[in-house]
Amino acid sequence: MKIYLQASELTRRVGDKTLFSNINLGIGEGQRVGLIAQNGTGKTTLLNILAGKDDADGGEVILRSGVKLGYLSQSPVFPDEMSVLDACFWHARQDRDDTEEALDLEVRSKQILGKLKIGDTSRKMGVLSGGQVKRVALANVLIQNPDLLILDEPTNHLDLEMIEWLEGYLARQCITLLMVTHDRYFLDRVCNVIVELDNETLYTYRGNYAYYLEKRQERIDNARAEIARANNLYRTELEWMRSTPQARSHKARYREEAFYELEKKAKQHIEEDKMRLQVNSTYIGSKIFEAEYVSKAFPAGEGRNELVILKDFYYNFSRYEKMGIVGNNGTGKSTFLKLLLGLIPPDSGRFVIGETVKFGYFSQEPLQVDESMKVIDAVRRVAEYVDLGGGKHLSAMQFLQHFMFSPLQQQNYIYKLSGGERRRLQLCTVLMQNPNFLILDEPTNDMDIVTLQILEQYLQDFKGCVIIVSHDRYFMDRVVDHLLVFQGDGEVKDYPGNYTQYRDAQKKMQKVEDSKTKVSVSSANNVSSSISTNGKPRLQEKKRRLTFNERKEFEQLEKDIELLEQEKSDIENALSSGTISVDEITTMSKRLPILNDELDEKSMRWLELSEFA
């Protein structure tokens, strides 16, 4: 295997904080590497160093000669006056003067931009939203056809349809990949190597995300066992050190040096899994909210058609409901939340909110706080204590520790925090207020996986109502019990079930529609062929029918497809249940792509035979 990129003995410090120390990483041809770490531990810094955008304090990075590298940064920047199409060509190395090359590149860029829902390629970059700029930057790096692709949070600002397209695109392409993402389904389906940055060190796991979960737990268990053994031996050696304070012999000095190494190991600390954080929410009555035939639209403007969000929308929200909201970008998901919160008025209709409802709103907008404040002071301004119920309380400091802010980090100034750490702090300021109705708008953006796991557990135990807008499929499957699907032009559908169940139902409907379309086209062709050029009926050609063996195959395919779909549904329900073991997760994750391939193959054959059935 050719090594495309080799990083050796990399060290990087920020102020008095060491992000990583003497780490080594090799990325070989065909490897798809997912990088996992907590916010603030140096993921983006490491990617910048590997991509040549930043320097390490020590060590070196070697990119193999002739290897073309493409890099998507977390916050890409383009000149404001540059058009979308020119931005796509900006870092492409093809010669724009070569007509054939330029034409091919332009066609390719428009195809990718179409998949990423960027339609008007003449628009200026300065008028695009942050999410649109990120999508243009993603198109820019994909059309370069790099040998090695480095992506920092590529699924941020993509809707579910785009994420699934990108997932399939990367899985199909013969490309070498290193990426940071919080999307665990994406990691599981695209990556074949997981690298974890933890405690200033890199750990490599040669498998997908499910395999990583299993092997990481083994590593932690082994480390704890080693620390326990070191502690037992340390007590014995400590007695020896104390009992012989006089000058050591030459042999004893070796034992003394070994003691200090042993002491260092014994004092290592492996962070225990956080206990489930069960906070007592404020009492909520049976009346939550009722949307009474609400309509909302934004009029047409320069270069924009009228945008209809809701048309006579009625919904009665029930107590303890946990709802997910999904839909393509621009269909009005965030606007719906602002209508509910009274931040913008409806055109007609109204929301009737129950008297006991206390909203907690986690928005996409950045945390509005004095950045010269310390983390702990920003939280104490909200509340000194959190009510756990039963007379128990957590101090602000203890609450922050549950969300991965150590006592030392709590004394940090906010301006020193990474983007992900700020989002985590913002989440804490919302939850500290003891709301009984949580409204979370894209809560997973810029969050690390550890924080997402804590938040998932919190929401599963939350004794109140929840509405979540999110493109994170894994997160939605774990938390919500049904969906509102925004389909555009004011159409909103209520779907009972989680996201995976919704997508399965969609795919089945699409197969039925595709089958009907094929049959309709085939029938139209038969009618057309039965009429001669002079308008008189032709002799009807004999219609092709299934042979005996094909009839048996067709019947068996129907049974096989039903069984495979049931097995797939069972596996996905189990994977999102949170109740199965790591071994079962690994086995099921390996079986799932095989199932999908079998289903695709059998469904295609069924469609072929259905034309003649």
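Trainee: Which residues does Thr-155 touch, not counting residues up to four places away in sequence?
Mentor: Keep in mind that this is a predicted model. Thr-155 sits in the loop between β6 and α5. Leaving out residues up to four places away in sequence, its contacts are Ile-163, Thr-181, His-182, Asp-183 and Phe-186.

Trainee: And does Thr-155 count as buried or exposed?
Mentor: The cut-off to apply is that buried means under 20% relative accessible area. Thr-155 has 5% relative accessibility, so the class is buried.

Trainee: How should I describe the direction of α4 relative to α5, roughly parallel or roughly antiparallel?
Mentor: Two packed helices are described by the angle between their axes and the distance between the axes. Helix α4 (residues 130-142) packs with helix α5 (residues 160-172) at an angle of about 15°, and their axes are 14 Å apart. Angles under 35 degrees count as roughly parallel. Therefore α4 relative to α5 is roughly parallel.

Trainee: By class, how many nonpolar residues are there in the contact of α4 with α5?
Mentor: From α4 come Arg-135, Leu-138 and Leu-142, and they meet Met-162, Trp-165, Leu-166 and Tyr-169 in α5. By class, this contact has one charged residue, no polar ones, and a nonpolar count of six.

Trainee: Which residue in β19 is the bridge partner of Val-326?
Mentor: Val-326 belongs to one side of β12, pointing the same way as Lys-322 and Gly-324. β12 runs parallel to strand β19 (residues 482-488), joined by five bridges. The bridge partner of Val-326 in β19 is Val-485.

Trainee: How many of the six residues of β12 are buried?
Mentor: For strand β12 (residues 322-327), then, the number of buried residues is six.

Trainee: Which are the edge strands of the open sheet with antiparallel pairing?
Mentor: Its three strands come in the order β2-β1-β4. An edge strand here pairs on one side only, and that picks out β2 (17-28) and β4 (58-63).

Trainee: Which helix packs on that sheet?
Mentor: Strand β1 (residues 3-14) is joined to β4 by five bridges and runs antiparallel to β4, with Ala-7 opposite Val-61. The packing helix touches β1, β2 and β4, and its direction makes about 130° with that of β1. Residues 43-50 form this helix, α1.

Trainee: Last one: what is phi of Asn-22 near?
Mentor: Asn-22 has its place in strand β2, and at 44% relative accessibility it counts as partly exposed. Its phi is positive in a residue other than glycine, with a value near 55°.

Terms used:
Residues are numbered from 1 along each chain as its sequence is written. This is a predicted model: local features need pLDDT of at least 70, side-chain atom pairs count only at pLDDT 80 or more; totals for chains, interfaces and linings use all residues. Side-chain values use heavy atoms; hydrogens and water are left out. Buried means under 20% relative accessible area, exposed over 50%, partly exposed in between (1.4 Å probe, protein chains only). Helices (H or I, at least four residues) and strands (E, at least two) are DSSP runs, numbered from the N terminus. Two strands pair if DSSP finds at least two bridges between them. Contact means heavy atoms within 4.5 Å. Axes are lines fitted to C-alpha atoms, for helices over the stretch in contact, and angles run from 0 to 180 degrees between N-to-C directions. Angles under 35 degrees count as roughly parallel, over 145 as roughly antiparallel, 65 to 115 as roughly perpendicular and the rest as oblique. Ala, Val, Leu, Ile, Met, Phe, Trp, Tyr, Cys and Pro count as nonpolar, Asp, Glu, Lys and Arg as charged, and the others, Gly among them, as polar.
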